[in-house]
Amino acid sequence: MGVELRVAPSRRGRKIGDAPVAVDADRIIESDCVAAMASLPDACVDMVFADPPYNLQLGGDLFRPEGGRVDAVDDDWDKFDSNAAYDRFTHAWLAEARRILKPNGTLWVIGSYHNIFRVGAALQDRGFWILNDIVWRKTNPMPNFKGTRFTNAHETLIWASKSEEARYTFNYQAMKALNDELQMRSDWVLPICAGQERLKVNGVKAHPTQKPEALLYRILLATTKPGDLVLDPFFGTGTTGAVARRLGRRWIGIEREQKYVAVARERIAATLPLDESAMTVMASKRQSPRVAFGALVEAGLIPPGTEVMDAKRRWTALVRADGSLAREAATGSIHKLGADLQNAPSCNGWTFWHIEHEGTFKPIDALRQIYLMASGEG
């Protein structure tokens, strides 16, 4: 098994009961996922995010109406001889994932209708306790070119703890702030990778199922804490590692395909800490014109750490990672903090708060309009 590092690793001692556990973090392990996880100590990981092979049952090439071939998943790593073979593989990696998870750690797994139900049954068989299933509704899904089925416009995520009694991390207030003071629901509307975020090598997609950074941003912000160790056993091009580094989480990626490792290493090395960078703006086609302020933070239009102020520059506040604002000891949504500062019953935070953007001083609503235009709603 080869281990190559391109990001400065950290080594921290942790205790499970009275036994200290030290794990090298911020690294990519080039190996089969089951073998790599088997090399890690018991109860050393705070969260596992898994995007396993979908086991797509593709029946030949698929073509667009104009004749172009669809760039679908046809790689060897997604091929299994039978459902039974896929089930054996699933049970093997889930067994190792459960062993390396801390007692209060959680597992996220994402999949399509081809595999997610088999994976869900397997993780329940392994003793995991399902906390939520999340529907990721894609704003810009690939059409059903043959017109023989409904368009596959979503994927399903399962969030599970090791047991019903586990005291898992869930940053409820952060999720509520990210969603403009409304409870975050289990249906998430996010675009697939497109534009600048879609990684390419020589003009060709680097990975056929690259996940958007906004998806991992929400998952890590919701269910981990700064300094937590996140493991991704199907690392691909390193989305989990890039977002983890940006959010101050430690990470381990496992990937056996060298071509993906090379892309992931370069990508993560170029990723800056959260207060110095922003996520790439992603074009999307939102089916609802309503935009939460947290969506602009997730997309990188208004990065965490940005200073906002009222039109007369009397009050300033800092944007936090969950989309809330902070001013000294006071915190709240863009609307609540604006109202509190003015001792008013309500406030339209979109027009109250302003920002320096591209050399001009403008209300944050102008950034919302840019987001809407990019998503096809403006």
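Guide: Let us begin with exposure. Q173 counts as exposed because its relative accessibility is 53%; buried means under 20% relative accessible area, exposed over 50%, and partly exposed in between, with a 1.4 Å probe and protein chains only. Q173 lies in helix α4 (residues 172-178), where helices (H or I, at least four residues) and strands (E, at least two) are DSSP runs numbered from the N terminus. Residues are numbered from 1 along each chain as its sequence is written, and this is a predicted model in which local features need pLDDT of at least 70, side-chain atom pairs count only at pLDDT 80 or more, and totals for chains, interfaces and linings use all residues. Side-chain values use heavy atoms, with hydrogens and water left out.

Visitor: How far apart in space are Q173 and Q183, C-alpha to C-alpha?

Guide: The two are 8.5 Å apart, with a sequence separation of 10 residues.

Visitor: Which residues have the most contacts inside the largest nonpolar core?

Guide: In soluble globular proteins, nonpolar side chains tend to be buried together. A nonpolar core is a set of buried Ala, Val, Leu, Ile, Met, Phe, Trp, Tyr and Cys residues joined through side-chain atoms within 4.5 Å. The largest has 58 residues, and W108, L157, L215, F293, L325, W353 and I364 have the most contacts inside it. Helix α5 (residues 213-223) supplies the largest share of this core, eight residues. A second, separate core of 32 residues includes L107, V109, V119 and F128.

Visitor: What is the phi of E181, and what is that of R313?

Guide: Most residues other than glycine have a negative phi. Phi is positive in E181, near 65°, and in R313, near 60°. E181 is in the loop between α4 and β9 (187-190), whereas R313 is in the loop between β14 (307-310) and β15 (316-319).
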